[in-house]
Amino acid sequence: MAARALKRSTNYNQSLKITYIVFGGSKKVAKNTENKFVSSPNDRELIAEFKQNPIGHHSPELQRLLNKFRGVPMEDKFCLLVIKPNRLWQLAKTSGMAGKQVQKLPKTFTSQSDAEWYVFRKRWKSLTGETLKP
Amino acid sequence: MTMKITAYADRTSVAPEETINFMVNCRASNFKADFVKLICGDLNPDGPGYKERPIKTKANGTYPGRRQVIHSGSFIQLDESEHFNSLENFTLQAFIWPTLPENGQQTIIGNWSHENSNGAYLSVGGQNRGLTLTLGFGKGKLEEFATGKNLLPRNWYFVSATYDAKTKSVSLTQEALHNHAKINDSTKKKYKVRNRGMKNCKRVATIGAKFLKFDKNRTVCQNHFNGKIDSPAIASRALNSMEIEQLKNRSNQSLMSTNVLAAWDFSKNIKSINVLDVSGNRLNGQLVNMPARGMTGWNWDGDEMNWSHAPNQYGAIHFHDDDVHDAGWEVDVTLKIPKNLKSGLYAARLRCGNNPEEEDYVPFAVLPPKGKATAKICFLLPTASYMAYANEHMGTDSPIAQLLGGRLVEHQHQDLYRNEHREYGPSCYDTHTDGSGVCYSSRLRPILNMRPKYKSWLGGKGSTLWQFNADTHIINWLEAMKYDYDVITDEELHYEGVECLDRYKVVLSSSHPEYHSKEMWDAMATYQDRGGRLMYLGANGWYWRIAFHEQADGIIEVRRAEGGIRGWEAQTGEYYHSFTGEYGGLWRRNGRAPQKIVGSGFTAQGFDISSFYTRKPDSFKKPVKWIMSGVGPDEKIGDFGLVGGGAAGLELDRADVALGTHPNAYVLASSEDHTDLYLVVCEELLINYPGLGGQENHLVRADLVFYETNNGGGVFSTSSIAWPGSLSHNSYKNNVSKITKNVLDRFVKDGPIID
C-alpha cells in the first residue's frame, strides 16, 4: 500500500495532534527546543542522572528534558528493533509516514540502557550542539 | 519487512469435535502446520521461558503455500440488476462530506465495467478537480468532466451529475451547504460529450468506490471514498434542475415512481449490513468492509444525539479506504478438534522456514465439550479486548508512544510488517487515513499482535508484554501450580450468557479485560450474584462498552464517547452504537463503573516501570487474613516481576465506594511509589491541576480488593495489569504467587469463603 503522510487532516481530534501542538510540527529537536531549553550548570547533573538510570524515576528537571526528547514527531524518530528478546536491539528510525518502512541503522546494543544513552547523546547534540562522551 | 506467512482463523474458540478453519497467506511453496498447547509465550530469558506443547492431530502436516491478500476499503455493493447494465441516460446525486478531497480521485457512485471501460462514475478528489463525472464508452474511450472547484474537507455538499446520450450533454452541480464567508465553491456546469453509445454490458454498481475486479469470491474496488455519503440516488434520465431538487428532497412521489431508478436511504436498517433502496425498484445493496453507520447526516441539527430517536438525521455512512471486515481468504487448513482434547489455550503453528518472519501462530481456545465443564476453574480469554487492540499502530504512528513508555519504542517484525501493510487494517486505537476514529474491529484478518512470542511497546520495561502474550503468564502459572482449568472466551460469554460461567466454581480474568458488551456484563454480574467467584487478575477491566454485530460475524464496535482514555474521540452526535443503538463509551458513563462489578476501577496509567503494594489494615482483619497467609506484615508485595519490574504497573484500578465498590469491601493492600509517568485518568479530571503524577497523587495506586457477593460468591481484584508478570518470580515462590494461590484455593473449595 502506498505510503501516506500521517499528518493529514486538521479538523479532528487525534493523539498525533497533541505533540504537534507542543512541538509546533517541526522536524528537528533543535528547532523545537532551542529557544525553550536554557543550558545551565545543572545540566551535568541531568546527564549523570540519566546515564545512571535512563528508565524509571527521574527528577522533575530531567523529566522535562526527556519529555522534549521523547515527544518529538515521528519523522526520523529513533526507535529500536528487537533482534534477540531482552538481549540484542538494533537502532532504527520511524518514517513519519504510514506505510513507509522503518529505517534500520547500523548500530546494535546488548542492553536497553546502552541504547537509551546512545540516543540521549544524539538528542543532546541536536539540542545543544555539544558532543557528550560515551 | 516481509513476513512470509500470515494467517487467521474463522473463530477464536472451538469445542471438541467441532472444526476450525485456518486461512494462510504464504510466500513459500509450502508450509508446515502443527498444533500446540500454549503455556508461556514470553521469550524473555530472565523469565520462566517460552513453553508450548505440541499436540498430534490429523491436520498436522505440510500444505501448499499461496499468496492471499487483503482488499481493504469499504463500499456498498449493489445487487446485480439489468437496470444498471442498460443504464445509458442518467442522473447521479448524493450529499457528501469528503474528508480527504485533496487526495486522489474517490468515487461516490459507480456503475462500471472495468474490463470494458464502460459505464460511469461520479467522484471527487484531486487538486483543482472538484466534482468529476467519468464516462466510459468502451475500448478505453473515457471522457472526464470536472467542476474545477476544490471541495473543503469535512463540509457538506450536495452533488449531482446528469448525462443525456441523445443530446451528448453532461451537467454537474456542486452545491456547498456550508456558510463560510467569501468561499464560493458552489457551481453548476454544462459540457458537451464527444463520444456516443454507452453499450449495454455487465456492470457492477457500487457506492463509495469504483468496481475493479472479482478476486474469487470477493469484489475488489478502487478509488475508495473517504468521508460520508448521504441519500445517494440514480435516475434513469437526465433530470432538470427542478427535478434534481425534488429528488434531493424526496418531495416528488411521481418522479420517484417513474424516473428514479434507485434512492437509497441509509437511515433505514442502521443496525444491518443491508442498504435499502426506497424507490420501489428494490435495488438494495450490502456493506463491504463495514463502513460506519449511525453517523450524523447532512441535515443533522444537533438537537438529537441518538440516531434511533431521529434516524432521518442519521442518513450518512462514513466510508474509509482502510476499512477491513472479513479478509475473505480461502481455507488452507481445517482442524477437527479431537474428542478428548482438554480445554485450554492452543494455537496453529505455521512455518515456512526457520526465521521469525517465516512463522506465524494463530491462537484459539479449545472449549470444554458443549454444555459441560471439565474443571472447577475457568480462565476467561478476553477476545473482545484483543479485537479492540487488533493490529494497533501506535508504536509506529504516535509521537506519544515514547512519552507514555518513558523509553525508546521496541518494535518486533510484526510491527514493521503491520506498518507497511496497512491493508491488514487498524485497531480501535488508531485513526483512519482521514483521521476519523476506528470504531469497528474485526478478528477475520491476521491479528499480528495477538501472538505468543510477541512484545508490545505498551508492556512496561522487561518482558514488555501486553494483552494476549501477557495473559500466557496466567496460563503458565496455572500449569506450574498444577491447577486444572478450562478456557472460554468473551464470545461464549456474550452469546451463551451466564450459563457458560455457572458450571465453574471460580473464574479467572485476564490481565486486561477492558471491553464488554452488555450481554457480557450482565452474565458476569449474574454469575457473581448466584455465588460465582471471580479473580480479577488485572486492571482497566469492564471499562468500555462494546457491541457485537447482530448479523455480521467477528466484529465489534466501540464508540469513544464523552470520557475516558481515548486514542480518538467520537464526533458529537455519534456516541450511539450503530450495531445495537446503545449509548457507547465508558461503562462508567452508562451507570456501571467498573467498581460495581470488580470492586475497583481504572484510576491511573503509566508504561515505564511497575511498583509494589504494601499491606493495609484490612488485610490483618480476621475474616480475610488468610489471603495474606505467609506474607509478612511489612513485606513489600510484588517488588519484582517481568512486566516493569513489579506487580503493580501499567494500568491501575482503585476501590471507590462512591463509584460502586461494595461498602464492606476489604482493601488489603495498595501500591505506591509509581513514577511521574503514571498519571490520573482523564475521567477523574473535572478541573485539571498540577500534581497528577505517581509521586504526588493519591489516586495513582492499585488497590488489592476482596469482597463477598450474594449466595457465597466473592470477588478478588488485583487492580494491576502487571500482576501476572510477577507470578513466576523465584520459581513461583513469591508473595504474588502465594496470595493468588491463597485466594484460588479458598475460592475453589465448597462452603463459604469466609467462615
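1. In this predicted model, strand β3 (residues 88-94) of chain A pairs with β5(A) in the antiparallel sense, over 4 bridges. Within this pairing, Ala92(A) stands opposite Lys104(A) of β5(A).

2. The pairing of β3(A) with β5(A) belongs to an open sheet of 4 strands that draws on both chains, in the order β5(A)-β3(A)-β2(A)-β29(B). The sheet is mixed in its pairing. Its edge strands are β5 (103-109) of chain A and β29 (410-411) of chain B, each of which pairs on one side only. In general, the strands of a sheet pair through backbone hydrogen bonds, either parallel or antiparallel.

3. Strand β2 (residues 77-84) of chain A and β29(B) run parallel and are joined by 2 bridges. Leu81(A) is found opposite His411(B), a residue of β29(B).

4. The contact between the chains involves 42 residues of chain B and 41 residues of chain A. On the side of chain B that touches chain A, α5 (394-397), α6 (400-405), β29 and α7 (413-420) each supply at least two residues. By type, the residues on this side of chain B comprise 12 nonpolar, 16 polar and 14 charged.

5. Turning to the architecture of chain B, the chain contains 13 helices and 44 strands. Its radius of gyration is 28 Å, close to the 27 Å that the globule rule gives for 755 residues, so chain B is as compact as a globular protein of that length. The C-alpha trace of chain B spans about 95 × 60 × 45 Å along its principal axes.

6. Burial and contact order may be taken together. Of the 755 residues in chain B, 61% are buried. When contacts in chain B between residues at least 6 apart in sequence are considered, 73% join residues at least 24 apart.

7. The largest nonpolar core has 250 residues, and the members that touch the most other members are Leu80(A), Ala348(B), Met535(B), Ile556(B) and Leu668(B). This list includes residues of chain A and of chain B. In soluble globular proteins, nonpolar side chains tend to be buried together.

8. Which residues are in contact with Ala348(B), leaving aside its neighbours within four places in sequence? They are Ala7(B), Phe22(B), Ala33(B), Phe35(B), Val333(B), Tyr361(B) and Val362(B).

Note on methods:
Residues are numbered from 1 along each chain as its sequence is written. Chains are lettered from A and ligands numbered from 1 in the order in which they are written. This is a predicted model: local features need pLDDT of at least 70, side-chain atom pairs count only at pLDDT 80 or more; totals for chains, interfaces and linings use all residues. The radius of gyration is taken over C-alpha atoms; the globule rule is 2.2 Å times the number of residues to the power 0.38. A residue is buried if 20 or more other C-beta atoms lie within 10 Å of its own, exposed if 12 or fewer, and partly exposed in between; C-beta atoms are placed from the backbone. Two residues are in contact if their C-beta atoms, placed from the backbone, lie within 7 Å. A nonpolar core is a set of buried Ala, Val, Leu, Ile, Met, Phe, Trp, Tyr and Cys residues joined through C-beta atoms within 7 Å. Two strands pair if DSSP finds at least two bridges between them. Ala, Val, Leu, Ile, Met, Phe, Trp, Tyr, Cys and Pro count as nonpolar, Asp, Glu, Lys and Arg as charged, and the others, Gly among them, as polar.
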